[in-house]
Amino acid sequence: MIAGSLILSGRGSSARILNGVCLLLILAALLALMGADIEVYRVDPWQELSRIGRGLVQPAWHDLPGLAQALGQTIAFALLAVALAAPLGLLLAMAFRWLPVRLLCAAVRSVHELFWGLIFMQLYGLGATTGLLAILVPFTGVFAKVFAEIFEQQAAEPSRTLPPGTGGLKRHLYTLIPQSWPALVSYTRYRFECALRSSAILGFIGLPTLGFHLETAFRQGQYPEAGALLWAFLLLIAGIRLWLRPRLVPLYLLAACWLLPETVGFSNGGYLWRFISQDIWPAALLEGDWAALQAWYGDMFSEQVWPGLVQTLLLTQIALVLTGFVILLIYPFASRALAGPVLRWPGRFVLLVLRSTPEMVLAYVFLLLFGPSGLPAVLALALHNGGLIAFLVANGSDAEFKSPIRRPDDPTGLKRYAYIETPRRFPALLALLFYRWEVILRESAIMGILGIATLGFYIDSAFEEIRYDRAFLLILVTALLNMVVDSLSRRLRRLARTDRACRY
Amino acid sequence: MSDGKRGPALFSLSAQSLSYGRTRVLDSISLSIRRGERVALLGPSGAGKSTLLNLLYGQQAASTALQPQGGGIVDLLSVYQNIFIGALDRVGNLPALWNLLRPLPSHRRDITELTRRLGLEEQLWQSADRLSGGQRQRVAIGRALYRRQPIFLGDEPVSSVDPLQADALLKHLLAEHETAVVSLHNRQQALDHFDRILVLREGRICCDCAAAELSAAALDQFYQQDGTPEAGEPAPESDGWVIRTS
Amino acid sequence: MPILRRFLALGLLLPALAQAETFVFTAIPDEDESRLQERFGKVADYLGEQLGVEVQYIPVKSYAAAITAFRNNQVQLAWFGGLSGVQARRLVPGSEALAQGYEDQFFKTYFIAHQSAGVDASDTLSDALRGKTFTFGSKGSTSGRLMPEFYLRERFQAAPEDIFSRVGFSGDHSRTIAQVQSGAYQIGAVNFSVWESELEQGKVDPQKVSVIWTTPTYPDYQWTIRGDVDERFGEGFKDQVRQSLLEMKDPDLLASFPRQSFVPASNDDYGPIEDTARAIGLLDE
């Protein structure tokens, strides 16, 4: 909000506003750098790194049936979750004018899929229901928000010719949805790739997807197995366009139902009620002991919430700005106009690797290189998210490649990068970065191996210690923080007028 | 039809002004339009015609068929669905939903008939993005007609069709609506089909008279630039640039 | 009817059908978690033969997940660590420790150090540890977290965060060794049996990393069963399970845990663990 008033004073030129926003973000990151826990230790990583490298070069493909099953279940969860979340999100997007709907959506998407997974695991055990809901719930929130934004960007004219008093449903059915259909479909397709990643990651907490085996193999140093899993996942993501044919989707959905893991029998009569009426509240509250309750909250705030909040924000801010630099640095290598029709493929491959490798894996490699501190976390987050956004930015550049806006006398090489591509891409780039801000915030939370006590570290500890009261409070704080960042980024985006530029 | 001057006032503006930011688009407009009148709005682009039409629409939205510039065509829907939009207030939510899957028989009959008159029956099930500019405009006219309202407000409704067709379409539109206010850029069409002509210039009404009192030449004068009052200069030259052959 | 059940799982809020009595167990071994389904499937087959009911194994990723599944009766029998067993039995009144591994009667934790840390092996935790970087194993582990933290607090009268310049949780014993060996952390706490098996396999370079202190012994892994199994599977079922576990002699099956044999255990054996957990604030009250 302070940012807002500062920037508004320099009104007039869009470029100046954009620059102002960027400058502010960079300044904030520099400030964060002073407070953040970043240190480089002298390490001796080469033995371990060479084992990782050998594992990647010589992956062990000996358990092909197991691999196929894990891949199948990864796809099954992602496909079914998106197939349910997209229509639900569409319905909610139609009612997005309503504040309660907006708040609901913001709340559900502000909790990381992994945490949703941990929550639903308390209710539904380790089964298909847990996995589906863990993706479905936050994705519905994201779909609702983005679909509503897409609706907002449609031309108002068709709506104006509607008979006055035409209800919201009919208005959406006959104008907004058909008008925005290509955008809705393309966003859903992109989101499916995200769902594949989420589905894989859910294996980290025990669902039978790729992440289950990847985490085990990686954690226990079985790098050839880890290598095979990682390559399989890369191929899966790289080939989405080849294997995900619209006509085949119904077939895939049926197959996905078939592939879902069987839920091992447990009757869950009172678990939901026990969870919401007892587990998530501190004992002092249930006993009505107010003094103890106050002490409990006091301890939680001073020992976990506050320090966790500070570390999370500092890391997020640095990672955000670093992500921006990573994008600017690597997107040209994947763009047709800049790298050329052939040379862009190695660049595209690097981006694929960066966005498909779970941050945990990247963080571990950097931990080996630099020792335990915020640095590996920041690097892992920046590279992973930078790879993702750079991919979208490069796609934007390629989409323009054949359009009339391109002139034969445009400059080439570095000049083209500086004068044509980057200025054209920049608003979209910034918009994507703002969207990812929330994501980076959520992800910075899962860096316990680095000994950095972010909010997510404490949440993970609370689940590990079966202290759902603590987990609930911490998740609530994280969700609120996410909502604040979300609304702040929306303001900045409006200010920078990047709304129309892109939507991911 | 009826003698317009006797009907009650449907639209009335008194000293109405409107600005976007610092730009004044309408400058103290006073105007009254009665039931049964057919009004043509003329004036150079940027004179405020569209804004004035919007203002009028706000006064009688419930009984008006509106055709904005561009027509508000939804690209992915077929011609049939695009025209059906005009009837959305006459069907409930569920029939509207159903109609997207399978056209409702009665509407299908009516709209097929309508497209026959508009020369679009071949394109009835084509999506609108495959149509030419003239065809899209006829779809928009179809939607307005299918609104089945007594008032028609059109913003250059026939600008993309050839003159012969334009005459026929205008005739049809005027026959189907009791009252009409239509902006045009073709002055002859205004003289041929309307009984009252309003000329806007820089947000002001600079002429408001019965069509019978005006001629094409007289109208041309309103399009002359301020700085070039030379009488006798051929009209087309002031309209844009002309390639001269020396 | 697996298809039907799968579709019902899609009905989301529908609970899974309570199946015809299948006895379900879970286990997290302290090393080598690969091919769990295959290895423990054999254990399930063995138990099924012995008990005369359908026995199923489900793999889980963490002690917390195992406890949740046990609490919600998704599994009725679990191979828990010392601490997770205590937590699980607190949450499910009536549940009981049945048997422990032979090695678990006198389990211990090694503190290991990278040679560059300059900490030598000794009989006590050396003062030289102060200010170093340190990693535990997984947060819920007895040998990788609970006991080492207890002895650190006892020796230094301070929380680990105040003794070391940085405290991490590697998540796994093998990774603790890898991280200390690579110098990412200078000191680590590791389950002795994992250390010895990795040493044997040649994964440890003694030039780089060595044991600097060994904790006193404590009880660790054990089989815990829910109290209501007799009701569900018939009178005497619990004793039958205990018997089957104690009689498991096939080295192939035992290697999955890995333990040389199982010996009887009781809830009381884990009293010291519970007290320790309470002392360092991992359990309330």
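How many residues of chain B and of chain A does the contact take? Here is the answer, with the other close-ups of this predicted model alongside.

**View 1. Chain B meets chain A.** The contact draws 29 residues from chain B and 17 residues from chain A. Putting the two chains together buries about 1,900 Å², and carbon and sulfur atoms account for 67% of that area. On the chain B side, Leu76(B), Leu88(B) and Asn93(B) lose the most area to chain A; together they make up 26% of what that side buries. What it does find is 6 residue pairs in polar contact, both partners at pLDDT 80 or more.

**View 2. The chain B face, element by element.** Two or more residues each come from α1 (49-59), α2 (79-84), α3 (93-101) and α5 (133-147) of chain B. The largest share of this face is the 5 residues from α3(B). By class, the side of chain B that touches chain A splits into 16 nonpolar, 10 polar and 3 charged residues.

**View 3. Chain A against chain C.** There are 2 pairs of chains in contact, and A and C are the pair that shares the most contacts. On this interface, 65 residues of chain A touch 65 residues of chain C. The buried area comes to about 5,700 Å² between chain A and chain C, with 52% of it on carbon and sulfur atoms. Chain C stays clear of chain B: those two do not touch, and their nearest C-alpha atoms sit 25 Å apart.

View 4. How many salt bridges does the rule find across the interface of chain A and chain C? It picks out 5. One that makes a handy close-up is a salt bridge between Asp279(A) and Arg71(C), where the closest N and O atoms are 2.8 Å apart. On the side of chain A that touches chain C, the elements giving two or more residues include α3 (46-57), α10 (210-219), α14 (271-279) and α22 (455-464) of chain A. Of the contributing elements, α10(A) gives the most, with 6 residues. That side of chain A divides into 33 nonpolar, 18 polar and 14 charged residues.

**View 5. The largest pocket.** This one has a volume of about 1,600 Å³. Its lining counts 50 residues, and those closest to the centre are Glu465(A), Arg467(A), Arg470(A), Gly281(C) and Asp284(C). Helix α16 (residues 290-330) of chain A gives the most to this lining, with 7 residues. Sorted by class, the pocket lining holds 23 nonpolar, 8 polar and 19 charged residues.

View 6. Which residues sit closest to its centre? Out of 38 lining residues, they are Arg191(A), Arg436(A), Val439(A), Arg442(A) and Glu443(A). Elements giving two or more residues to this lining include α9 (168-202), α18 (344-356), α20 (374-400) and α21 (413-443) of chain A. The top contributor to the second largest cavity is α9(A), with 9 residues. The class breakdown for this cavity is 22 nonpolar, 5 polar and 11 charged.

**View 7. A salt bridge inside chain A.** Across all chains, the search of the whole structure turns up 36 salt bridges. In this one, the side chains of Asp398(A) and Arg348(A) meet at 3.6 Å, N to O. The pair ties distant parts of the chain together: Asp398(A) belongs to helix α20 of chain A and Arg348(A) to helix α18 of chain A, 50 residues apart.

**View 8. Two backbone spots to check.** Most residues other than glycine have a negative phi, and most peptide bonds are trans. In chain C, a cis peptide bond joins Phe257(C) and Pro258(C), with omega at about -25°. Pro258(C) lies in the loop between α11 (251-254) and β11 (262-264) of chain C. Over in chain B, Glu156(B) has a positive phi, near 45°. Glu156(B) is found in the loop between β5 (151-155) and α6 (163-176) of chain B.

How values were computed:
Residues numbered from 1 in each chain as written. Chains lettered and ligands numbered in written order. Predicted model: local features only at pLDDT ≥ 70, side-chain atom pairs only at ≥ 80, totals over all residues. Heavy atoms only, no water. 1 Å grid on protein atoms, 1.4 Å probe; cavity = no way out; pocket = protein on both sides within 12 Å on 5 of 7 lines; lining within 4 Å. Points joined across faces, edges and corners; volume = space filled by probe spheres on them. Helix = DSSP H or I, 4+ residues; strand = E, 2+ residues; numbered from the N terminus. Nonpolar A, V, L, I, M, F, W, Y, C, P; charged D, E, K, R; others polar. Contact = heavy atoms within 4.5 Å. Buried area = accessible area lost by both parts, 1.4 Å probe. Salt bridge = Lys/Arg side-chain N within 4 Å of Asp/Glu carboxyl O. Polar contact = N/O pair within 3.5 Å; in protein donor to acceptor, adjacent residues only side chain to side chain.
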